[in-house]
Structures are given as structure tokens and as C-alpha cells.
Number of protein chains: 2
Amino acid sequence: VLWRRLGERVAYERFRRVVNRTFELPGGQETDFEVLDGPDTVAVLALTEDDRVVLVREFRPGPEDLILELPGGLVEQGQTPREAARRELLEETGYDGAPVEVGTVLHDAYSTWVKHAFVAKSCRKVAEPAEGELTEPVLLSVPEFREHLRSGRLTDADVGYRALDHLNLL
Amino acid sequence: VLWRRLGERVAYERFRRVVNRTFELPGGQETDFEVLDGPDTVAVLALTEDDRVVLVREFRPGPEDLILELPGGLVEQGQTPREAARRELLEETGYDGAPVEVGTVLHDAYSTWVKHAFVAKSCRKVAEPAEGELTEPVLLSVPEFREHLRSGRLTDADVGYRALDHLNLL
């Protein structure tokens, strides 16, 4: 049964935004939840012409460690997810390609955040990572990337698996 | 290169907790990030004796829709992830089993949150979902569940894929 939203107010807002939503439950009871209200994000499984996966090693403030991630980030105002995917790939790794969206993934039960999953084939290195990105491109073979997914040491494992699924590489 | 944490202060705290962490970047510049500080969670791929996947249909306050989810939730104080997985499975679906942890997944680059991925084989229905849970158990075949993972309409797709990977069912 769907719940009816009775109201919403901003509880916290800076870079992160938390809203407090009140719902009427099916039994009539009122209850409220804190929901993280975020812009959508993108992540890209980018493959080179010889089918290596282009990843990016970068420091992540949550896990406080250097993490080997799929290129990706926020969809900025006025940008399509596809434009954001291409921009992030280029800025973070220096590789360029033509990302194609293969699906979306819900990020969190208590967030409005949706992740757009992209695949980009035959990517080529056209530049160094953008100045200030503090990122290092790393190439893995598909089996190595699969092993990395199993390790869980990346924050877009859902997109990684989804993209390999799309490519029939699972 | 690892960044050095200079400080941390609480920016918001109620059910959700947001902390502000200041880091010294490799070039000496100081920058701060808002990090969602959350307890760990668990999610379980539970299989019945005839290899159907036990899911739970429930309203989710972020997407504001009825979502077909893996059973799971917070690891509560004093509980092991394994105990939390068994409790959530039982409370949300009425099925009981012996969850085994098969890995962990980082949830978010800007969160300390870690998801524990569990598999529970040969689960049996021993009760109705706990009163007040407002959840409905739903059984899917493994191919149907794989199709559901592809749809992205669940918040633990990473754990779902990881668990199928562990079981050699991808």
C-alpha cells in the first residue's frame, strides 16, 4: 500500500540536503523520515579499444581511503546525465568516448538519489586528468575488474555489475 | 596519495548524522566535505529450499514508492551483522534461515556506511512478517530476480549481484 505524504520540510542544507517527510501510514498513523535529497549521479563503465576497463584511483572522504572507482559524479544543473558521464570520464581519467545509458539504480531507501549507469566502448586517451582532480587513471582487464567488484572496495559496485550485465560479461 | 584529516565536527544529527571533515590535500590546500555518518547495514539474498528468492515489498520514503527489496536494515547496537541479517529476514518476511556473510560493499563516497552482503540458503517460512513492519514477502525465481536487478528498482542491487556472484548464479 502506498503511503500518503502529509508534508516535507528542510532539516539541513549545505552541500548535503536532508528533508523531513511526514507520511500517513496505511493504518492512519503519522510517521516521519529523514530523507537525503540529492541531485542524480552518473557512473561509467568505460572500455578501451582493447577492452580494458578505465578506472580512477582517488581519495574518498567517506571511507577515508584511496579507492579504485568507476569514473562518475554529479549531474550538474543544465546537463544531461550523458553529458555528465562524458565530462566526468574526461576530467577524471583523460579518456574520451561516447557513453550510452544502460539503466538506473536506486541508491538508497532514504534518499531521492538515482544513479545513471553508463557504458562507453572504444574510449581513447586524449588528455591528462583535469588539473585539480587529484585522480589517477588505472586500467584493469575485465576479469580483474570483476575481482574488484567482488572485493566491494568501490562505491558504484551496483553500476559496475549492471554494466557488465548489459555487455553480457557476467 | 592519502589526505590527512585535520578535523571533524557534527553538522547535523537526528536520525541521520552529517559530519563535516576537513582534510589537507596533497598540495597543502585545506578542503572540507560533508560526510554522512551511519551505522552499518545488512542485506540478505535468502533462498527457499526450492531456490526461490525471498524478497519484501515495502514502501520506501526516498523513492516514495513500493519497492521490491532484499530483506535488510540497520545493524543495531550490540548485534553482529549476522544477527541483524537473520532478524531482518524474519521480521520483514517471516522466513528463517542461517545467513552467511559473503562480502561487504562501500555504499557511498561521502558516507562511512558499509553494507554487509549475506546469503541464506534453504530458508523456511516460520511466521508472518512482524506486526507493524507493513511488509509483504514476495518469492521470485532466480531468473526473475536477475531481471529485477537489471531494472534497478531496488536499493541493494549491489548486494543482489554480489550474492548471485558468490553463488555462481550470474
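Reader: At what angle do the axes of helix α3 of chain A and α3(B) cross, and within what distance do they come?

Author: Two packed helices are described by the angle between their axes and the distance between the axes. In this predicted model, the axes of α3(A), residues 157-166, and α3(B) cross at roughly 60° and come within 8 Å. That angle makes α3(A) oblique to α3(B). The crossing in which α3(A) passes α3(B) is left-handed.

Reader: Which residues in α3(A) and α3(B) meet?

Author: On the chain A side they are A157(A), D158(A), Y161(A), R162(A) and D165(A). On the chain B side they are A157(B), D158(B), Y161(B), R162(B) and D165(B). Sorted by class, this contact of α3(A) with α3(B) has six charged residues, four nonpolar and no polar ones.

Reader: Now a pair inside chain B. How do α2(B) and α3(B) pack?

Author: The description again takes an angle and a distance between the axes. Helix α2 of chain B, residues 142-151, packs with helix α3 of chain B, residues 157-166, at an angle of about 140°, and their axes are 10 Å apart. Because an angle counts as roughly antiparallel only over 145 degrees, α2(B) is oblique to α3(B). α2(B) passes α3(B) in a left-handed crossing.

Reader: Which residues in α2(B) and α3(B) meet there?

Author: V142(B), F145(B), R146(B), L149(B) and R150(B) come from α2(B), and A157(B), G160(B), Y161(B) and L164(B) come from α3(B). The residues of this contact of α2(B) with α3(B) divide into six nonpolar, two charged and one polar.

Reader: R146(B) is an arginine. Does R146(B) count as buried or exposed?

Author: R146(B), which sits in helix α2 of chain B, counts as buried because its relative accessibility is 14%, and buried means under 20%.

Reader: Which residues is R146(B) in contact with, leaving aside neighbours within four places in sequence?

Author: From chain A, they are D165(A) and L170(A). From chain B, they are Y161(B), L164(B), L169(B) and L170(B). As for E49(B), it is 97 residues from R146(B) in sequence, and the C-alpha to C-alpha distance is 18 Å.

Reader: Next, aromatic pairs. How many does the structure hold, and how should I read one?

Author: A pair of aromatic rings is described by the distance of the centres and the angle of the planes. Over all chains, the structure holds 14 aromatic pairs. One of them joins W3(A) and F23(A), edge-to-face, with 6.0 Å centre to centre and 70° between the planes. This pair links distant parts of the chain, 20 residues apart: W3(A) lies in the segment before β1 of chain A, and F23(A) in strand β2, residues 17-24.

Reader: Do W3(A) and F23(A) count as buried or exposed?

Author: W3(A) counts as buried at 14% relative accessibility. F23(A) counts as buried at 0%.

Reader: Which residues form one aromatic cluster with W3(A) and F23(A)?

Author: F33(A), Y110(A) and F59(B) complete that cluster.

Reader: Last, the backbone. What is phi of E64(A), and where is E64(A)?

Author: Most residues other than glycine have a negative phi. Phi of E64(A) is positive, near 50°. E64(A) is in the loop between β5 and β6 of chain A, and it counts as partly exposed at 26% relative accessibility.

Reader: What is the phi of N168(B), and where is N168(B)?

Author: N168(B), not a glycine, has a positive phi of about 55°. N168(B) lies in the segment after α3 of chain B. At 69% relative accessibility, N168(B) counts as exposed.

Notes: Residues numbered from 1 in each chain as written. Chains lettered and ligands numbered in written order. Predicted model: local features only at pLDDT ≥ 70, side-chain atom pairs only at ≥ 80, totals over all residues. Heavy atoms only, no water. Axes fitted to C-alpha atoms, helices over the stretch in contact; angles between N-to-C directions. Helix = DSSP H or I, 4+ residues; strand = E, 2+ residues; numbered from the N terminus. Parallel < 35°, antiparallel > 145°, perpendicular 65-115°, else oblique. Left-handed = near helix turned anticlockwise from the far one by under 90°. Contact = heavy atoms within 4.5 Å. Nonpolar A, V, L, I, M, F, W, Y, C, P; charged D, E, K, R; others polar. Phe/Tyr/Trp six-rings, centres within 6.5 Å; stacked < 30°, edge-to-face > 60°. Buried < 20%, exposed > 50% of the residue type's maximum accessible area, 1.4 Å probe, protein only.
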